[in-house]
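Please examine the sequence and the structure shown here.

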Amino acid sequence: MTTLVCCVGNSDLALDGRSLAVRNHQGAVQSFRAATEQLLTQAADALDRLDAPVLRPLLDWAIARLRPQPPALHVVLLATDQQPPHPQDTVFAARLLERWLEHRYAARAHLTVHLRNLHGNPADYDAMYRAVGDVLRELAGSALPRPIVVSLTAGTPAITFALTVHAVDRFGSHCSFVYLPRGSETPQELQVRRWLQRSALLADARRELERGEFGRAALLLQQAGVPRAVWQLAQAGDHRLAYHFDEARSSARQALRDPRTRPLAQEFLRELEELAAAQRTLVERGGKEPVPEACEPLLAEMVANLRLVWQQEREADFLARLYRFHEMMLRWLVEEQLGAPVHTATGEATPAFRHWWRSRPELQRQAAARNLNPERITRPLLDFLLSSIPAVRRDREILAQLNRLTQFRSQTFVGHGFLGVRRDDILALYRERAGPNADPMQDIEHLARRLQLGSQADWPERLRDALLQLLDQWETEQH
């Protein structure tokens, strides 16, 4: 079963081999509207003399495609009916065609004809966009069978434009377009729907990439039919942002197979291996000796993640990540500046740290005066250890300002409470301490640059730009 949607034009009816179309109607000559209205009163005697030079080839083509025989075919005829009436209106021509179709094709197909009138000036793009949209919205909600075949042969440019846009919007991949070239009896199937859908999908994918929404972009790119390696790289970026490093590695490896994406995939995998190596170092040596170099790629990864969730206005996620970043920054600074092994998975001081601590009686006296317990590697203890180092004074100030937000996190859904989180709340709290124009993400970026945490902090932007360039190249190749 198929539905054929056609617009009725002035060239769609012929009587005794002569077109009924009337151009530049003047004087006593009947207009097309009047001629078809009069002919409708004599339709029973005129059916064998009528022909539809545009519609007939479309019907024959559609019936030949359908199986089994006789096929079921639904025909929707769109006609113009303006107020006040216009000489070229096709409302009566459509009724004639309805009678003619049932007469001519009754033995060849189970034919159902639906008439729909378009009110308004058919040359007005805005009016026809609304009118055709109303009709196709109604059809989309009805029981008309799919697929939907839309003829772009007859009708004004405004009508065919509206048909194209609304058919793709309402029926998606269930619709296709045909066109009957002048003088031909063979309709041509058009690629318009596929191209329009692909263009829309790619436009949406680009917007998602710009926002760093790699997962959504990957799905859209896959639907648009881009090379597998391209959308798998986007998928790898999505996994990496979720800290699903194994899945990110697996997706990126698939992109090695395509020469267009191989260099990008190789760099992506190299960075993942650097992260994995840093993790191994912390597991094997952390807490036994200072390993600040292992913290650097992991901190850079946190900066990249923080930046994206801040840009995407995911404030609760931002606070959750900030909590971990803040603590790890303190530990990294202590290990990098003092050589104290403060990495711990449990919070308890390791034997190596206790040994380091016992050799520093002055620090012990100062810590005791502040009631700091060296058996627990806490944020206050880490900040105390950094307090005597002038070179990190500004870093400590920023970290102290960020600490206000880590405290706020404890009151929210990602901490120990149930407070909602708005950007305005975060900025207001931060600016109470950091100044009226302070921005927490800008200060995090300042820390990352000043302390040279590594190039990995900008990997989402590099991946985004590379994917956008690959898309441009691929689209150029398609044309």
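## Basis and confidence

This is a predicted model, in which local features need pLDDT of at least 70, side-chain atom pairs count only at pLDDT 80 or more, and totals for chains, interfaces and linings use all residues. Residues are numbered from 1 along each chain as its sequence is written, and side-chain values use heavy atoms, without hydrogens and water.

The chain has a mean pLDDT (the predictor's confidence in each residue, from 0 to 100) of 91, and 98% of its residues reach 70 or more. Confidence is highest in helix α9 (residues 228–241), at a mean of 97, and lowest in helix α2 (residues 43–46), at 84. Helices here are DSSP runs of H or I with at least four residues, numbered from the N terminus.

## The largest pocket

A pocket is an open set of points on a 1 Å grid over the protein atoms alone, with protein on both sides within 12 Å along at least five of seven lines; lining residues have an atom within 4 Å of a point. A volume is the space filled by probe spheres set on the points.

The largest pocket has a volume of about 630 Å³. Of its 30 lining residues, Gly9, Asn10, Ser11, Ala154 and Gly155 are the closest to its centre. The lining comprises 11 nonpolar, 14 polar and 5 charged residues, with Gly counted as polar.

## Cavities

In a cavity, a 1.4 Å probe fits but cannot get out. The whole structure holds 4 cavities of 30 Å³ or more, and the largest cavity has a volume of about 70 Å³.

Residues that line the largest cavity include Pro227, Asp258, Arg260 and Trp474. Helix α20 (residues 459–478) gives the largest share of this lining, 5 residues. By class, the lining of the largest cavity has 5 nonpolar, 2 polar and 3 charged residues.

Note on methods:
Helices (H or I, at least four residues) and strands (E, at least two) are DSSP runs, numbered from the N terminus.
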